[in-house]
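Student: I am new to this structure and would like to learn how to read it. Could you take me through a few features?

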Amino acid sequence: MSRFAPHTLSRLGLAMAAGLFAPTAFAAAAAIPAAHVHDEASLQAIAMLPSLTLSKAVNAAIAGNPDLKQFAFQLKAQSARIDGAGLKPAPVFESQLENFLGTGRTRGLDAAEATFALSQLIELGEQRASRIEAARLGIDGINLNRQGAQLDVLAEVSRQFIHVASDQEQLKLTQLATKLAERTVSEVRRRVAAAKSPEVELHRANIVFSRAQVDEEHAEHELITSRTKLAALWGAGKADFGLVAADLFRLPQVGDYGVLTRQLVASPDFLRFATEARQRDADIRVAQSKVRSNITVSAGVRRLQEDGDAAFVAGFSAPLFGARTAQPAIAEARALRAGIESEAAAAKLKAETKLFELVQELKHSITEAEMLRDSVLPQMEEALKETEYAYQRGRYSYLEWVDAQRERVTVQRALIEAAANAHLFSAEIERLTGTALPTAGSSTPNNSNSK
């Protein structure tokens, strides 16, 4: 039997993001421009609903995911197979009428002989016990497949949860970009009115503002879509939750590669090879049990119509060359059993290679996110302030100010993507190994969305 119990899987699913998505307050959104009034009600309604944590999403998916419900029916079917494997061969009633409707003495029914008998197949070689064992091992295989499917669902919940958290941050960023563009329009308009800037700069500022509004609207739609995809994982037709409570910038840690490699063999993906090996061993025993041919015995009574006498009859039958007919099935079962070890070795090599790649990608994403968060973004904030100050006093041009705003938004977007990638790679490692990685201490980016 697998070492994973259903409640253990639930705890594992909750642990997959323990600390990764600690509840944090979602910063107040900037005012939605007039062009987006059609989505404002939807966003406000979302903000009024209870927030969703990853643990709640995991529990909902385990309880309601449509793909997981099939295993209950598979277990019922396998239980029926076990019952069927344990049935003894049923006795057979036989009746036979001889010497009738012939010629001469056997004309009509005068010389007819009627025989009524019961026959019973007797299984030798512990065939019934071998069948029951093979059917029971099928339960272990289904349970492991269910545990693997649960881990797949939990990993997908984590991925989609991260996607929603990332979309929330992207929406906040587009709202910041819209506010910056709107403030730029006001400042340029003031300078144009004072004859300190040409009229063309106001046109450019309005264009940037319009494009920022379009980007914000797109971010709103992206968030609504990702929320719907998340809700679909527990069978809901629409997202009935509020904002996801996620600290996207609380980065995971990189586990020791050697430890992670050893944990691979304890995951359901690799435990299934051991279960399948036991299943194939049972199949071999079932095939070997058929080397000894079954016998059939019968007994009954025969009535002789001609003189009215009756007599007992008995019979015995056994197939010839039974051992020879069982050899192909034995050879097939042994070949399938031998192939499991090579399949397991190939799967382990692929998994280790994939694990190495994921660990390297996780390291890179963490490094990138930390550098952007701790070094680049604070400098961009300061550069933006200085550029705005200089533009207001005529020392910098409009293009230099707009470029500083664009770079500020670009750096923040890169930080969101790097942090989201770090969590996604971490989720992939957790799915591959069936374990949860530790997370770094809580941290937040130097984010000036209140601008």
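Tutor: Gladly! Let us begin with a charge over a ring: it counts when NZ of Lys or CZ of Arg is within 6 Å of the ring centre and within 35 degrees of the ring normal. Keep in mind that this is a predicted model.

Student: Which residue lies over the face of Tyr391?

Tutor: That is Arg191, at 4.9 Å from the ring centre of Tyr391.

Student: Now for pockets. What does rolling a probe over the atoms show?

Tutor: A probe the size of a water molecule, rolled over the atoms, shows where empty space is left. Here the largest pocket has a volume of about 410 Å³.

Student: How many residues line the largest pocket, and which lie nearest its centre?

Tutor: There are 14 lining residues, and Ala177, Val208, Ala212, Asp215 and Arg406 lie nearest the centre. By class, the lining has seven nonpolar, four charged and three polar residues.

Student: Which helices each supply at least two residues of that lining?

Tutor: They are helix 5 (127–193), helix 6 (199–232) and helix 10 (398–433). Helix 10 gives the most, with six residues.

Student: And how should I read the strands?

Tutor: In a regular strand the side chains alternate between the two faces of the sheet. In this model, strand 2 (residues 113–122) pairs with strand 3 (residues 295–304) in the antiparallel sense, over 10 bridges. Ile122 has Ile295 of strand 3 as its bridge partner.

Student: What pairs with strand 3 over nine bridges?

Tutor: Strand 4 (residues 309–317), again in the antiparallel sense. There, Asp309 of strand 4 stands opposite Leu304.

Conventions: Residues numbered from 1 in each chain as written. Predicted model: local features only at pLDDT ≥ 70, side-chain atom pairs only at ≥ 80, totals over all residues. Heavy atoms only, no water. 1 Å grid on protein atoms, 1.4 Å probe; cavity = no way out; pocket = protein on both sides within 12 Å on 5 of 7 lines; lining within 4 Å. Points joined across faces, edges and corners; volume = space filled by probe spheres on them. Helix = DSSP H or I, 4+ residues; strand = E, 2+ residues; numbered from the N terminus. Nonpolar A, V, L, I, M, F, W, Y, C, P; charged D, E, K, R; others polar. Pairing = 2+ DSSP bridges.
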